[in-house]
Amino acid sequence: MAASLQSRLWDHGSVRFGVAVLAFMVIVAVLAPWLGTVDPAAMDANHINKAAGMAGDFALPDGQVLAHTFWLGTDNFGRDIYSRVLYGSRISLVVGIATAVLALGLGGVCGMLAGYFRSVDMLLMRFMDGLMAIPAVLLAIALVAALGANVVTVVIAIAIPEVPRVTRLVRSLVLTLREEPYVEAARALATPTPVILWRHILPNAMAPLLVQGTFVAASAVLTEAILSFLGLGLPPDVPTWGNIMAEGRVQFSQQPGNVLFPALFLVPTVLAINLLGDGLRDVLDPKFAKRVG
Amino acid sequence: MTQPVLHVDRLKVALPNGADRPMAVQDISLQLRAGETLCVVGESGSGKSVLATTLMGLLDKELTVAGGVVQLQGESLLDASQARLRALRGRAMGMVFQEPMTALNPVMRCGEQIDELLRTHTDWPSSQRRSAVLDMLALVRLPDPERMWQSYPHQLSGGQRQRIVIAMAMVMKPALLICDEPTTALDVTTQKDILQLIQTLQQDTGSAVLFITHDMGVVADIADQVLVMHRGVAVELGSRDQVLHSPQAPYTRELLAAVPSMTPPPARSLSDTPALLRALAVGKTYNTNRALHDASLVLRAGETVGVVGESGSGKSTFARCLLRLIDPSGGEIFWGEDEIATLSEAQLRPLRHRVQVVFQDPNRSLNPRMTVGESLVEGARNFGMSAFAAQALAEQLLQQVQLPTQAMGRYPRQFSGGQRQRIAIARALACRPQVLVADEAVSALDVSVQAQILQLLRQVQQQYGVGLLFITHDLRVAAQLCDSVIVMHQGQIVERGPTADVYAQPQHAYTRSLMASAPGVSV
C-alpha cells in the first residue's frame, strides 16, 4: 500500500468528477438565496410563460417589485424557473442524503442482526423477501398516501424499499466476516457480542456499505423526481425538479425549457453520485484494486 | 555435450519504483538439460516465482525484464512475440501451479480442458485427441480415465485435480516443465505421490523440470541441481548433495539449519500437575457428517501436546470445540475444574481468559481496522483491567515478543507475517491464559521465521507455564516442539503417545504412512 487512501481516491477520475459536480450542487443549494433568485413560490400574472433570458419587473406577493432577469423563463403560473430549479436542488440533495443514511442505518442494523444471529436470520430475511416483492414505487406511493406528503415521509417512503437490498448486502458481508480469525479471536477474548459487531465487524464492512450508500442516494434523487412528477411526492407549490418537470410537461411543445432545465440539473447530479460510487468501489474493493505482490 | 533445454544468463527483472529493492531477480544464470531437475529454493519474496513467470512470458505488468538472456532449446524467449510465446506454452513448456482448483476451469469437464490444448497445438481428429487424452489420464495414474474425462474439477480431490493439471502440462510432452510449488497445497501423503508422478513422467518423456519450492525436504527428494535464491540473488547453485550436505553460502546454511529435524529431542521431565485442559469423548457432527468422533486429551501446565493430521482429519474441529468457538455435539470439556462443553456464551465469558488461541493466517488473525495497541488491550480490558494497566501490560508483552513499543499505534498491515504472528501471541498472553491453543500457527511462515516463532512459544511456555496445544500438519515441527502427540485421521484419534515413541515406532498403519511420506526423511 504505497499511496494513502485519500490520494488514491483523488487519483481516480470518476471520484474527482463526482466530487466536483456534487460540490457544485451543494454550493448552489446552500447559496440559492444569494444567486439572483426570487421567492420560488411567488407568482406574477404579468410574467406567464416568459422565454428564457427575458427581463422584467417581478412583483412579489408582499407587493415589492424587483427588476429581474428570467434566465430560464417562467412557467404558466408566472413563477421564475431559475429560482425554482436552484431551490429544487435543496430538496433533491436532502432527500438523496437522508434516504441513503436512513436506508444504510436500518439495513445495516437488520443485516448485522441477520448475519450474526442465526435465530433472527430466518424471520428477518423472510420479512425482507416480502418487502422486496412489492414494487418500490408502489410501496412509496402507498406510504406517502398513508402518511401525508412532506419531506420526512418522502424520505421514509423512498428508503423503506431500499432497506432489504442493504440488509442482504450487509448480511452476506457479516456471514463471511464472522468466520474471520480475528472475530473468532475476539470471541475467545470474551469480547461481548455487541462490541464484536461494532468494533470488529462493522468497520470491515464499511467500504462496500459506503459504495451501496452512493447508489441508494442516486436512486433516491431519481425516485423523488419520479414521485413528484407523478404528483405523488411533495405538494406542487414546493419547488422540486420533479414538480417543475410535471408542470412543464403539459406545455412541453411550447416551453420545452420547463422540462429540460431541471433535467439539466437532475442528470448530472445522479450521474455524479453514481460515478463517485463506482470510483469508491474501484479504490476500496480489494477485488478491483491492483495489488503488487 | 548436448544443448541445454533452458539457458538463462544474467537475467534481471526490475521491480516498480517504491518497492523494497530495485530488482526482483538479479543476475540469475542457470542451465538445465533434458531429463534434469533443477529446484529453485527460497523464502517468500526471494524472487523465485518471478523467475518462473518470466520464463513463461507471463510476467506481471508492473515488472519489466531489465536484461539478460533466456533461451528455450536455443530460441530466445525474451524477444519472442506474444503469439510465439502462446505457441510455445503448452507445446514446449508445461506449467503446474500451486493451487489446482484455481488452475482449472470450474465449469469445464477435465477431459475437455486437456483436449483444448491438443486442439490448439495439433490438427489431430477428435477421435485421436480423445484417445490421447485418455492415455494421458491413465499415465498420470488417475483411476477410471473415462469417468475422469467426464468429471468437473470440484468432483475430484486435491491430489486428483493436481494430476489433471499435470496431465495438461505434459500432454504435449514439453521439453521443459515448470512447477511452481505444485505440492504446497496438498497433504504430505498426496505430495509424495505427486512428486513420484512428476519424476516418473520426467523419465518417460525426458523433459527438463524446473521445480520451485520453499521446502528443503522436497529438494532432497527430487532435485539434481539446486539454486538457492535470497532477495532476488542466486546465493548458491550446485548439485543436490553439494548444496544440502556441504553448503557454501551462509544463507543456505541458515536455511538448512532452520528446517526442523524429524528426530524428536530427548523428552523433558514434566511434573505431574493437575490438568488445565481435559476433553472426554468429544464429538462434533455436521448434519450427518461426523467431523470429530470420541476425541479425548489431557493437557497439563508446562506441557506441549501436538495434534497431527492431514486436512479433513478433524484436528481443527477438535481445537475449535476445545476453545468453544463451536459447540461440540457430545462429550465433556474441562477448563481447569469447570466443565464448559454446554455452557452458554454468557456463562463462558468469565472463564474465557483461561484458554487462548493463535491462528494460522497472519493476514487475517488481526483486525485490519484496529491498531496493534487496540487489539492487545482488548482482552485485558474485557477481564476488568483498567485502561492504564492494560496499556502497560500490552507494552510489556510487545517487548517480550521482541517488537518495539511504537508498534502500539500502527496497523497490522505495516508488519510482516512473522511480526503479526508475534502480535497475535502477545494478544493471547494479555489475558494471562493457562492454555494456549496454536492452530497451525507457524504453517504460513517461512522456515527461518517459523523457527523464531517456535522459539518464542517455547520461551512463553517456560516463563508462564502455560499448557500448549499445538495443532499442525507438519511432522517436523511437531517432532521438535511437542512432549506428546496425538495423530488424527478422518475425525478420529488413531494414535497417541510420547513424541519420541510415536516417531520411533509408529503403531498405527496411518501413522506409519504419514511418517514415510514426510519429504526428505533423510535430511
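Q: Helices are taken here as DSSP runs of H or I with at least four residues, numbered from the N terminus; in which helix, then, is the place of Leu147(A)?

A: In this predicted model, Leu147(A) belongs to helix 5 of chain A, which covers residues 136–147. Leu147(A) has 13 C-beta neighbours inside 10 Å and therefore counts as partly exposed, because that class lies between the limits of 12 or fewer for exposed and 20 or more for buried. As for its position relative to another residue, Leu147(A) and Ser92(A) are 55 residues apart in sequence, and their C-alpha atoms are 20 Å apart in space.

Q: How many helices and strands are there in chain A, and what pattern do they follow along the sequence?

A: Chain A has 10 helices and 2 strands, and reading along the sequence gives α-α-β-β-α-α-α-α-α-α-α-α. Along the principal axes, the C-alpha atoms of the chain fill a box of roughly 75 × 50 × 35 Å. Of the 293 residues in chain A, 42% are buried, and among its contacts with a separation of 6 or more, 67% are between residues 24 or more positions apart.

Q: Which residues of helix 2 of chain A are buried, and on which face are the exposed ones carried?

A: The general idea is that an α-helix has 3.6 residues a turn, so residues three or four places apart point the same way. Helix 2 of chain A, residues 13–30, reaches 26 Å from its first C-alpha to its last over 18 residues, close to the 26 Å expected at 1.5 Å a residue. Its buried residues are Val15(A), Gly18(A), Leu22(A) and Met25(A); because they cover an arc of only 105° around the axis, they are on the same side of helix 2. The face turned away from that buried side carries the exposed residues Gly13(A), Ala20(A), Ala23(A) and Ile27(A).

Q: What covers the buried residues of helix 2 of chain A?

A: The cover includes helix 1 (5–10), helix 3 and helix 10 (257–284) of chain A.

Q: How many residues does each chain bring to the contact between chain A and chain B?

A: As a general point, the size of an interface is often given as the accessible area lost when the parts come together. In residue counts, this contact takes 17 residues from chain A and 25 residues from chain B. On the side of chain A that touches chain B, helix 7 (181–188) and helix 8 (193–229) of chain A each supply at least two residues, and helix 7 gives the most, with 7 residues. That side of chain A divides into 11 nonpolar, 3 polar and 3 charged residues.

Q: Which residues touch the most other members of the largest nonpolar core?

A: They are Val437(B) and Leu469(B), in a core of 142 residues, to which helix 3 (residues 81–116) of chain A gives the largest share, 16 residues. If neighbours within four places in sequence are left aside, the contacts of Val437(B) are Ala319(B), Leu322(B), Leu323(B), Val355(B), Val357(B) and Leu469(B). A second, separate core has 79 residues, including Leu6(B), Val8(B), Val70(B) and Met229(B).

Q: In what order do the 4 strands of the open sheet in chain B stand, and which of them are at the edges?

A: In general, strands of a sheet pair through backbone hydrogen bonds, either parallel or antiparallel. Here the order is 12-11-14-15 in chain B, and the pairing is antiparallel. Strand 12 (289–300) and strand 15 (338–339) of chain B are at the edges; each has a single partner strand, so one side of each is left without a neighbour in the sheet. Strand 15 is joined to strand 14 (residues 330–335) of chain B by 2 bridges, and Phe334(B) has Glu339(B) of strand 15 as its bridge partner.

Note on methods
Residues numbered from 1 in each chain as written. Chains lettered and ligands numbered in written order. Predicted model: local features only at pLDDT ≥ 70, side-chain atom pairs only at ≥ 80, totals over all residues. Contact = placed C-beta atoms within 7 Å. Nonpolar A, V, L, I, M, F, W, Y, C, P; charged D, E, K, R; others polar. Core = buried A, V, L, I, M, F, W, Y, C linked by C-beta atoms within 7 Å. Expected span 1.5 Å × (residues − 1). Arc of directions from axis to C-beta. Pairing = 2+ DSSP bridges.
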